[in-house]
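Here is a briefing on one protein chain. Look at the model first, then read the notes by topic.

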Amino acid sequence: FSFTYILKVKNNFFSAFERYSWFTSTVSFYLDYLIFGIKPFGYFLTNILIHIINVILLGLLVNYLFNNRILSLLVMLFWGINSQYVETIFWVSGRGHSTLMLFILATLLCFITWKKAKKTYLYVLSIIFAALAHLTLFNAVIIPMLLIAYILLFNTFKPVKKILRYN
């Protein structure tokens with residue numbers, strides 16, 4: 001065991017971790033390459049499609065949470081045209097952030113729908129989307145906190161209702 005061996009193991013570990021944390025982005029870039037080759041238009045088109053899907057999912061989430069279609073449409077409009085997020089759309093390598101949002105929104109929607117409909121496949125889908133989010137970026141660690149916040153804020157879990165009722 002030498003110092004160079006330790007450095008080699010450390011470098012291999014971090015490169016493997018880096019590949020793991022951007023796995024879904026790498027797969028989507030590979031699929032883009034298979035479909036469009038090296039033409040940038042295809043990569044931009046994919047980013048725009050992911051953004052449109054995110055806008056729709058965000059609108060559905062707001063509609064499920066607040067049961068207000070006008071609010072949902074306003075959120076979709078403002079999120080869709082907001083110039084703050086332009087780098088995740090037009091910067092091709094920023095796809096990981098858009099993909100992460102897609103999987104987080106899909107996780108939340110499936111979980112909320114599962115809480116209302118009690119369909120097992122929705123719960124399984126929420127777990128799959130959460131796993132895909134974790135394969136996209138390390139920022140997906142907020143998913144459990146978002147689910148807990150949903151349960152606490154919207155009182156959908158019976159033990160929480162009992163605790164809040166007695167306080």
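Asn67 is exposed, because its relative accessibility is 69% and exposed means over 50% relative accessible area, buried under 20%, partly exposed in between (1.4 Å probe, protein chains only). The model is predicted: local features need pLDDT of at least 70, side-chain atom pairs count only at pLDDT 80 or more, and totals for chains, interfaces and linings use all residues. Residues are numbered from 1 along each chain as its sequence is written, and side-chain values use heavy atoms, with hydrogens and water left out.

**Overall fold**
- The chain has nine helices and zero strands.
- Helices (H or I, at least four residues) and strands (E, at least two) are DSSP runs, numbered from the N terminus.
- The element order from the N terminus is α-α-α-α-α-α-α-α-α.
- Of the 167 residues in the chain, 32% are buried.

**Loop residues with positive phi**
- Asn67 sits in the loop between α3 and α4 (69–81).
- Its phi is positive, about 50°, although Asn67 is not a glycine.
- Lys118 is placed in the loop between α6 and α7 (120–136).
- Lys118 is not a glycine either, yet has a positive phi of about 55°.
- Lys118 counts as exposed because its relative accessible area is 52%.

**Nonpolar surface patch**
- Phe41, Leu45, Ile48, Leu49, Ile52, Ile56, Leu60, Val86 and Phe90 form a nonpolar surface patch of about 790 Å².
- Patches are made of residues with over 30% relative accessible area and no salt bridge; like charges are joined within 9 Å, nonpolar side chains (Val, Leu, Ile, Met, Phe, Trp, Tyr) within 5 Å.
- A salt bridge is a side-chain nitrogen of Lys or Arg within 4 Å of a carboxyl oxygen of Asp or Glu.
- Areas come from the Shrake-Rupley method with a 1.4 Å probe; for residues, only the protein chains shown count as cover.
- At least two patch residues come from each of α3 (40–66) and α5 (86–90).
- α3 contributes the most, with seven residues.
- Leu45 belongs to helix α3.
- Leu45 is partly exposed because its relative accessibility is 31%.

**Largest pocket**
- The largest pocket holds about 260 Å³ of space.
- On a 1 Å grid over the protein atoms alone, a pocket is an open set of points where a 1.4 Å probe fits, with protein on both sides within 12 Å along at least five of seven lines; lining residues have an atom within 4 Å of a point.
- Grid points are joined across faces, edges and corners, and the volume is the space filled by probe spheres set on the points.
- His51, Asn54, Leu58, Trp79, Tyr85, Thr88, His97, Ser98, Leu100, Met101, Ile104 and Leu105 line the largest pocket.
- α3 and α6 (95–117) each give at least two lining residues.
- α6 has the largest share, six residues.
- The lining has seven nonpolar, five polar and no charged residues.
- Ala, Val, Leu, Ile, Met, Phe, Trp, Tyr, Cys and Pro count as nonpolar, Asp, Glu, Lys and Arg as charged, and the others, Gly among them, as polar.

**Pairs apart in sequence**
- Ser98 is in helix α6.
- Ser98 is buried because its relative accessible area is 6%.
- Ser98 and His51 are 47 residues apart along the chain, with 6.6 Å between their C-alpha atoms.
- Ile70 is in helix α4.
- Ile70 is exposed because its relative accessibility is 61%.
- Ile70 and Gly59 are eleven residues apart in sequence, and their C-alpha atoms are 9.9 Å apart.
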